[in-house]
Amino acid sequence: MNSKPMQPCPGPVGRREFLKIGGLGLGALSGGLDPNLTRLLAGEQSPAGLNKDFSVILLWANGGPSHIDTFDMKPLAPSEYRGEFNPIKTNVPGMEICQLLPNLAQMADKFSIVRSLHHNRNEHSGGTCRFLSGYTPTAANPGDAEYPEMGSVVASQLEHQVRDIPLFIANTKFYGGGPAYLGPAYSPFLFSGDPNSSKFSVGNLSVNDSAAAALKKRNQLLSQFDTFRRELDKSGSMSALDKFNNRALAMLTSDRTSKAFDLSAEPEALRDEYGRTTWGQGLLLARRLVESGVRLVQLQASFRLSKKAGRTSNWDDHSVNADIFQAYRERMPVFDQAVPALINDLQRRGLDQNVLFIFCGEFGRTPLVRNQDKSKRPGRDHWCRAMSIFLAGGGLKMGQAIGATNAKGEHPVDRVMNSNDLLATIYQKFGIDTHQAYYDNTGRPIPILTDGKPIPELL
């Protein structure tokens with residue numbers, strides 16, 4: 001694969017190029033072998049400047065959360081814009097948020113809101129690719145990212161730091177996300193299901209299964225390819241693949257990985273504090289993961305609405321999908337328990353200076369409420385011209401609202417920022433130089449970002 005970062009990175013292919021965590025990399029064989037793989041495996045030095053302590057928990061509201069109904073309310077706007085909720089004061093003078101978030105309102109000094117980001121893609125996966133990669137995709141709704149998402153870049157840049165735990169973990173593949181030309185080795189390690197449920201699984205291993213038995217089956221499958229592998233082994237690359245497999249086994253059977261996923265080790269009172277919900281236990285698990293060395297955890301904020309509220313489990317609150325206001329009445333109390341619990345837990349453990357929590361989606365929602373469903377229930381549509389980003393921790397400056405939109409929440413009017421500014425801020429905290437470039441599948445060098453500046457108010 002042509003996924004090599006240009007200088008100062010040490011070689012043309014990542015050390016995990018043929019390893020797809022959870023599947024031991026057989027699928028990656030289709031990407032072709034690189035003769036420099038063996039040489040790269042010998043290198044163990046991390047690029048200079050990388051921050052070994054910083055990590056991110058991203059709670060992703062797939063479908064697009066409404067900025068006007070959460071963190072950028074417009075109580076003086078006409079009723080068809082402002083919606084049904086009222087703002088409430090927070091413990092930060094001048095900052096107001098939605099009435100459905102009373103717990104967060106009492107701790108606004110521990111988070112910041114950026115209200116003036118925007119980008120140029122109004123489709124779900126196109127917007128996701130644009131937001132998380134910093135590049136505008138060619139396709140309107142690519143099933144997979146055309147450019148590497150942030151987590152894949154982080155996994156590539158920081159891969160030399162650990163051997164026994166995945167760097168990038170998610171509870172689902174994002175629609176429009178993925179490693180693109182970096183290759184499947186930099187896809188997230190996936191877990192699925194409600195952490196409260198017996199159906200919760202890690203990779204393709206159930207947490208209740210015998211890891212040893214499952215890995216034995218994998219090794220048997222690998223052995224069936226042995227003849228094929230040896231025929232290909234003209235340059236010593238297959239010996240390198242054996243090392244990859246050994247590292248995969250070490251990662252999947254390591255104490256650090258298994259302990260990180262073991263929520264039963266947490267006190268019952270703390271689990272109750274987070275809430276016995278998918279979001280609550282998911283965020284508690286995310287805290288365990290970053291505490292164990294994972295660098296980026298992505299959680300898709302799916303939520304099962306009542307029939308009264310709507311028919312979707314995402315945040316795509318068109319009138320034809322949901323009554324947006326009823327949906328928020330059901331979602332936000334759960335959010336208002338789980339997120340404050342995470343913020344407080346990180347602070348108690350001294351992790352708030354190194355762990356950044358982010359809540360956002362691919363875009364905001366239209367300021368104008370629409371009633372296009374035959375039932376005339378209210379909804380809002382896609383809106384990439386304005387969105388609100390919720391941030392907590394990470395050693396950033398908290399207790400502020402940065403930027404502003406106009407009186408109807410239609411577009412930024414103060415501190416107007418491209419969404420790449422947020423990516424640039426995060427990459428700077430990781431110690432990643434965004435001028436570095438990877439070669440795409442045509443051999444063209446693509447910088448990590450072509451534009452975007454870190455947000456000075458946060459730093």
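This is a predicted model: local features need pLDDT of at least 70, side-chain atom pairs count only at pLDDT 80 or more; totals for chains, interfaces and linings use all residues.

1. The largest nonpolar core has 116 residues. Within this core, the members that touch the most others are Leu104, Phe335, Phe357, Ile389 and Phe390. Helix α12 (residues 324-348) supplies the largest share of the core, with 13 residues. In soluble globular proteins, nonpolar side chains tend to be buried together.

2. Phe390 deserves a look of its own. Setting aside residues up to four places away in sequence, Phe390 touches Phe71, Leu104, Phe111, Ser112, Val339, Ile343, Phe357, Ile358 and Phe359. Two of these, Leu104 and Phe357, are also listed with Phe390 among the members of the core that touch the most others.

3. Helix α4 (residues 124-133) packs against helix α13 (residues 420-430) with the axes 8 Å apart and at an angle of about 40 degrees. The two helices are therefore oblique to each other. On the α4 side the contact involves Arg130, Phe131, Leu132 and Ser133, and on the α13 side Asn420, Leu422 and Leu423. By type, the residues of this contact are four nonpolar, two polar and one charged.

4. Helix α11 (residues 278-291) has 14 residues, which at 1.5 Å a residue should span 20 Å; the end C-alpha atoms are 20 Å apart, in agreement with that value. Of the 14 residues of α11, 12 are buried, so the helix is largely enclosed by the rest of the structure. The buried residues of α11 include Trp279, Gln281, Arg287 and Arg288. Just after α11, Gly293 has a positive phi of about 120 degrees.

5. Is Asn62 buried or exposed? Its relative accessibility is 15%, and Asn62 therefore counts as buried. Asn62 sits in the loop between β1 (55-60) and α2 (79-82). Apart from neighbours within four places in sequence, Asn62 contacts Gln300, Asn314, Trp315, Asp316 and Glu362.

6. Which phi values should be checked in the loops? Lys376, a residue other than glycine, has a positive phi near 65 degrees. Lys376 lies in the loop between β11 (364-365) and β12 (382-383), and is exposed, with a relative accessible area of 58%.

7. Arg415 is not a glycine either, yet has a positive phi of about 55 degrees. Arg415 belongs to the loop between β16 (412-414) and β17 (417-418). With a relative accessible area of 31%, Arg415 is partly exposed.

Conventions. Residues are numbered from 1 along each chain as its sequence is written. Side-chain values use heavy atoms; hydrogens and water are left out. A nonpolar core is a set of buried Ala, Val, Leu, Ile, Met, Phe, Trp, Tyr and Cys residues joined through side-chain atoms within 4.5 Å. Buried means under 20% relative accessible area, exposed over 50%, partly exposed in between (1.4 Å probe, protein chains only). Helices (H or I, at least four residues) and strands (E, at least two) are DSSP runs, numbered from the N terminus. Contact means heavy atoms within 4.5 Å. Axes are lines fitted to C-alpha atoms, for helices over the stretch in contact, and angles run from 0 to 180 degrees between N-to-C directions. Angles under 35 degrees count as roughly parallel, over 145 as roughly antiparallel, 65 to 115 as roughly perpendicular and the rest as oblique. Ala, Val, Leu, Ile, Met, Phe, Trp, Tyr, Cys and Pro count as nonpolar, Asp, Glu, Lys and Arg as charged, and the others, Gly among them, as polar. The expected span of a helix is 1.5 Å times one less than its number of residues.
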